[in-house]
Amino acid sequence: MKKILRYTLIALAVLLVVIQFIRPEKNLSGDETNGIAAKYPVPADVQAVLKVACNDCHTNKTEYPWYAGVQPFAWWIGNHIEDGKRHLNFSDFTSRRIAIQNHKLEEVIDEVKEHEMPLASYTWIHRDAVLSDAQRELLISWAEGIMDNLKATYPPDSLVMPKRGPRPPGRD
């Protein structure tokens with residue numbers, strides 16, 4: 001029994017060492033060519049909140065903690081960032097159609113109002129990312145202001161997301 005336990009521990013240690021060499025690509029491009037600030041005002045107070053609570057997962061530049069170089073944490077963090085950018089990427093925001101931009105701002109408002117963002121798994125470690133009520137109101141007002149600007153600038157039908165038909169079987 002002791003032999004099996006010893007071999008299991010050795011195999012586990014070897015596995016932990018080997019996986020350290022399998023690394024996800026880091027989110028460090030920092031390309032802001034189509035960033036939200038390229039077209040819309042982002043006041044300094046809003047930028048400060050976005051920096052601590054949103055940008056690591058929702059831009060093209062993540063500030064990685066020390067443990068992001070250790071597997072399996074690096075995979076978990078990489079998946080977190082990839083998923084966050086898939087839902088909303090402030091770095092490519094203005095490359096999207098106006099209807100999508102408007103919709104993403106609606107989602108920002110809803111997620112912040114409902115305390116869905118930032119994620120609890122992020123704020124558990126990054127305590128400075130826990131938003132106060134005032135910070136939540138600041139982000140909501142900022143997003144609503146941009147949406148008001150869009151409504152004043154574009155025809156109403158251009159701000160509506162097109163209806164999607166039923167999904168083909170197996171695409172859920």
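Visitor: What makes L5, L9, L12, L15 and L16 a nonpolar patch on the surface?

Guide: Patch residues have over 30% relative accessible area and no salt bridge, and nonpolar side chains are joined within 5 Å. A salt bridge needs a side-chain nitrogen of Lys or Arg within 4 Å of a carboxyl oxygen of Asp or Glu. L5, L9, L12, L15 and L16 form such a patch, with about 480 Å² of accessible area together. Areas come from the Shrake-Rupley method with a 1.4 Å probe. L9 lies in helix 1 (residues 2-19); a helix is a DSSP run of H or I, at least four residues.

Visitor: What kind of model is this?

Guide: This is a predicted model; local features need pLDDT of at least 70, side-chain atom pairs 80 or more, while totals for chains, interfaces and linings use all residues. Residues are numbered from 1 along each chain, and side-chain values use heavy atoms, without hydrogens and water.

Visitor: Why is the pair of Y40 and F93 called edge-to-face?

Guide: Rings of Phe, Tyr and Trp (its six-membered ring) pair if their centres lie within 6.5 Å; planes under 30 degrees apart are stacked, over 60 edge-to-face, the rest tilted. Y40 and F93 are 6.2 Å centre to centre, with 80° between the planes. So the pair counts as edge-to-face.

Visitor: What makes this pair tie together parts that are apart in sequence?

Guide: Y40 lies in the loop between helix 1 and helix 2, and F93 in the loop between helix 4 and helix 5, so the pair ties together parts 53 residues apart in sequence. A search of the whole structure finds five aromatic pairs.

Key. Patches are made of residues with over 30% relative accessible area and no salt bridge: like charges are joined within 9 Å, nonpolar side chains (Val, Leu, Ile, Met, Phe, Trp, Tyr) within 5 Å. Helices (H or I, at least four residues) and strands (E, at least two) are DSSP runs, numbered from the N terminus.
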